[in-house]
Amino acid sequence: MSAKEYRTASSARGGLLTVANVPNIAFGDRVHIRDQQGNTRNGQVIRSSDEEVLIQVFEGTSELDLESTWVRFLDEPVEIALSPEILGRIFNGLGEPRDYRPPIVSSLRRSISAAAFNPAARTYPKEFIQTGISTIDGLNSLVRGQKLPIFSASGLPHNRLAAQIVRQAKLPDDDSRFSVVFAAMGVSYADARFFQEEFASSGVLGNVVMFVNMADDPPVERLTLPRMALTAAEYLAFDLDRHVLVVMTDMTHYAEALREVATAKGDVPARKGYPGYLYSDLAEIYERSGRIKDRHGSITLVPVLSMPSDDITHPIPDLTGYITEGQIVLSRELHNQGIYPPVHISPSLSRLMKDGIGKDFTREDHPHVSNQLYALYARALETRNLASIIGADELSTRDRRYLEFADAFENRFVRQSEDEDRSIEETLNLAWDLLSTFPPQALTRVNETEIAKYHRQSV
Amino acid sequence: MNTTSNKKGKIKDINGPIVTIELPGVQNGEQVRIGSLGLYGEVISLEGNEALAQIYESTEMVRPGEPVEGLGHPLSVELGPGLIGGIFDGVQRPLEAMFLKAGDQIPRGLSPLPLDRDKVWHFIPSENLEPNMPIINGAVLGRVQETETVEHRILVPPNISGELIELAPEGDYHLEESIGQVRDQQGEIHHLKLYHRWPVRRPRPYQSRDNGIEPLITGQRILDTFFPLLKGSKCAVPGPFGAGKTVVQHQVARWANADIVIYVGCGERGNELVDVLDSFPKLKDPYTGRPLMDRTLLIANTSNMPVVAREASIYVGITIAEYYRDQGYDVVMLADSTSRWAEALREVSGRLGQMPVEEGYPAYLASRLAAFYERAGRVDTMDSGKGSVTLIGAVSPPGGDFSEPVTSHTKEIIQTFWALSKELADARHYPAIDWVDSFSADVGTAAEWWHENIDREWEKRRSQALGMLARDAELSRIVNLVGPEALSSAQRWVLEGAALIKEGVLQQSALDPVDTFSSPQKQFMLLDLILSVYDAGADLIELGVPVQELSEMSVLARLRRCKELYDSNQIDQLKAFREEALNDFKEIHSEYAQRGEQPA
Ligand SMILES: Nc1ncnc2c1ncn2[C@@H]1O[C@H](COP(=O)(O)OP(=O)(O)OP(=O)(O)O)[C@@H](O)[C@H]1O
Ligand SMILES: [Mg+2]
């Protein structure tokens, strides 16, 4: 098919280019734009009629002039070339190498906007992943095929936590490790460097595909980047039978890029200037995780996002929470107390935990222990609040026990070091150490058999 | 349908899911197929020879100039045996069949028929019908056993009535075979089949509306006992993410005493539908003992599927619900989430350049919501039976803010409001239904049922519990200002009592095998037990027993666990425990009474 080339650009504005009188151009078509310096930019058709075609230019439209701009329609959707060689490589948001090595040559090319999985083709994710981190394994367990984001904020150690998960994640009685797809959008040089060194030092680099868009790279490329990364992940998982862990950071930069383009297009904003379709757009990304019938591989997704002004009700964390299967929320307060990882358990949740833990998966007491810790900690935080008003001395002995529990919980259970890889057994035993500071009758979420077996006073 | 006469035209403009087509003679609302892939869509506005169509599938790589075809009918569903147990997408494409045919991902332009044409059904004609009788639309022609639980009544389609000319004898039939003939007033003869089609945006007719008289029993204490919902009523479940809307809806789908359950996953997670598909065939309906899937039907338009089909999905669901209602059944339809439907509406209206009024939503949001909920109700069917559709919609307010447009408009329409709270969910108080924000307009009607069937004290006990919870909130505010010392013993006992109600009655884990379902009997027993213990304690406090001594009674810990120790069949054991518990209080009572008599 001969690609068509035109010099009929009629307007350029904020990343969008209009070209007049170009018939029969496909919606979603990939575009090359040659500017007056002879440099090629990339774009995609986002509206098409016989009179006029609207193109989203990934590198932006600055310094384009309408006279000498040539537009070539490639007659193909945005695609990525796939082969086992992608492991160990680094690409940009368009799937081009950014590691000074040659592009992937393969006859297998896939459109990055995959059709939705048929719900009837899915299987329910159930296999417990041990991350070695107590607040996750014990209280917000991750399972293979889950999408579980980290809600963070500027200055909090989400990158270190994500790296620790990548380093330690495995099935409890299986030493095989995950293949990793790493998608970075709008990250700083230091952050990109941090991950690269992390992967290198833990010896997984050959098992990682990186897609990187730096803070000073074109924002529009952030829109294709996660789709490139997930298409690669699907290939690894469902063509090559691997278990893939996808880490995406920072989804906030992605959403901001989407807002920028939406504003330029004149889309009606919903909240805080974000377009109404932000939910569906994020869902297209997040729902690509999961398990599929009769396929061996899986895609587990850990997106990282920073909550603007630490606000969990901001549209980005809010809509993410409405799509993902839970969230791990980091807290500035714990971080300021020097606690790593500063996981605030109250707003954290794993929805897929229920089928992946307990007898036959982790340990029979796990579900109840998790509930009990949650209930005690909620009560303990209320007590701490009360103590800050009326003074700890005014508290009853019963209440003081809750105060002590809060401290012990944060310092012994939540806090762990970056290279501490706790088994689920260790995590649950630690939990019982804390539960045993209460008399058995104060523990109504665990049952009597569990108390008899694990409560220190009963043993 | 006569395909040769279909209107032909071409594509003019593609703007995501909104496509301008040139198709002279096309009608508003008509189904179209566009492009070389034949993608399905629906006309939403007309302007001269041009029309705007919303497309149910991705329009990637579709071009201006490609052909368009008008199908001559609006979006309709097939109604007949074979629906129950199935999973369909937002425009009723059978997802199981598509998976077998096309693999993991949903291909474009593929449209297998919703109902299986190869399947044979055993049809038994209605005994009271004979040839040459007049017959009305909606009359029951006969029945087939659709699943072990559901007897499917074959209806005369709503737009046909006249004289029954022929009715097939008992026997095995395919869907497309004629099972009867009706001659209408104009003399036209209609061949009736086991199924018919009906446009989803048009409510199905019934004789008259009736008031709800009986509560839907869901087996969830906070719902049935505190915020009852009548069969045929409408209900909203709003709450921030992770608060438990889906779990509430799944619990209702599992345990409600309905004949048919239709669950519409509208813009939500794929895995949540898999959860239903996996678990329901293994779970037993507490009323019939049959697998739950035998009465359940799923409509799935997950969040990553095209938004236009999402807009259609709830109409597909409600039309199927009305169809079973017309057979004389009590149907429950659950929509998770109506906010995603409203957002689909917003997205289409935005692309059409319509003037947004609030948060980008079009001005017709409120009227569309009202018209949708209006399709719930208890009716006299055309065949003079009673049927009902109970509608329960989840609402997902941005940032958990109930003042946003979808929540606030919905709140004005519904009868029962199960409001979920983030604070309760964060403390793992499940179901996280807030007893202050929630309401039911039908407590009075529900009370009649409870008084007649369970216990005359129901309404009294319910009010007492709610009163204590309100006192608890007040007293807790005082404690938070000046500390617990400021409270009297009686007041502190109220706090204990409220805690017992919260833990022993309100909290109910969906995951606990014993407590996941609580019969009305058990619900009342637990409530009455805890309030009786509270009352006994309050008497003791008047006698001067220190609240400390009561709080430390070991029977209270057991009281909190009662719900998980005794299932709905162990009412006798629960009664025995009640005796035991109240005895402990009596003992203290006599102890103190004696002390009071003897001078110190
Ligand atoms: N009654 C319950 N019993 C036990 N667990 C519950 C109950 N209700 C909610 N949960 C817990 O809360 C989690 C979140 O609930 P759910 O998925 O229903 O939230 P949601 O309100 O539908 O959220 P979203 O709007 O994001 O879909 C569940 O995965 C479960 O762990
Ligand atoms: Mg939900």
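**Note on the predicted two-chain model**

1. B:V120 stands opposite B:H174 in strand β14 of chain B. The strand that pairs with β14(B) here is β9 (residues 120-125) of chain B, and the two run antiparallel, joined by four bridges. Strands are said to pair if DSSP finds at least two bridges between them. Strands (E, at least two residues) and helices (H or I, at least four) are DSSP runs, numbered from the N terminus.

2. On sources: this is a predicted model, in which local features need pLDDT of at least 70 and side-chain atom pairs count only at pLDDT 80 or more, while totals for chains, interfaces and linings use all residues. Residues are numbered from 1 along each chain as its sequence is written, chains are lettered from A and ligands numbered from 1 in the order in which they are written, and side-chain values use heavy atoms, with hydrogens and water left out.

3. The pairing in point 1 belongs to an open sheet of four strands in chain B, ordered β12-β11-β9-β14 with antiparallel pairing. Its edge strands, pairing on one side only, are β12 (151-155) and β14 (171-174) of chain B. From one strand to the next the twist averages 40 degrees, with axes as lines fitted to C-alpha atoms and angles running from 0 to 180 degrees between N-to-C directions.

4. Helix α4 (residues 270-279) of chain B is mostly covered, with nine of its ten residues buried. Buried means under 20% relative accessible area, with a 1.4 Å probe and protein chains only. Among the buried residues of α4(B) are B:L273, B:V274 and B:L277, and also B:E272 and B:D275.

5. In chain A, strand β16 (residues 208-214) is largely enclosed by the rest of the structure, because seven of its seven residues are buried. A:V208, A:M210, A:V212 and A:M214 point one way from β16(A), and A:V209, A:F211 and A:N213 point the other way.

6. β16(A) has parallel pairings with β15 (residues 179-187) of chain A, through seven bridges, and with β9 (residues 90-91) of chain A, through two. A:F182 stands opposite A:M210 of β16(A), and A:F91 has A:F211 as its bridge partner.

7. A right-handed β-α-β unit is made by β15(A), helix α3 (residues 189-201) of chain A and β16(A). Right-handed means that, with the strands pointing away from the viewer, the path from the first strand over the helix to the second runs clockwise.

8. Chain A is divided into domain 1 (4-76), domain 2 (80-353) and domain 3 (366-454), with bounds from an automatic or database domain assignment. The centres of domains 1 and 3 of chain A, taken over C-alpha atoms, are separated by 61 Å.

Conventions. Buried < 20%, exposed > 50% of the residue type's maximum accessible area, 1.4 Å probe, protein only.
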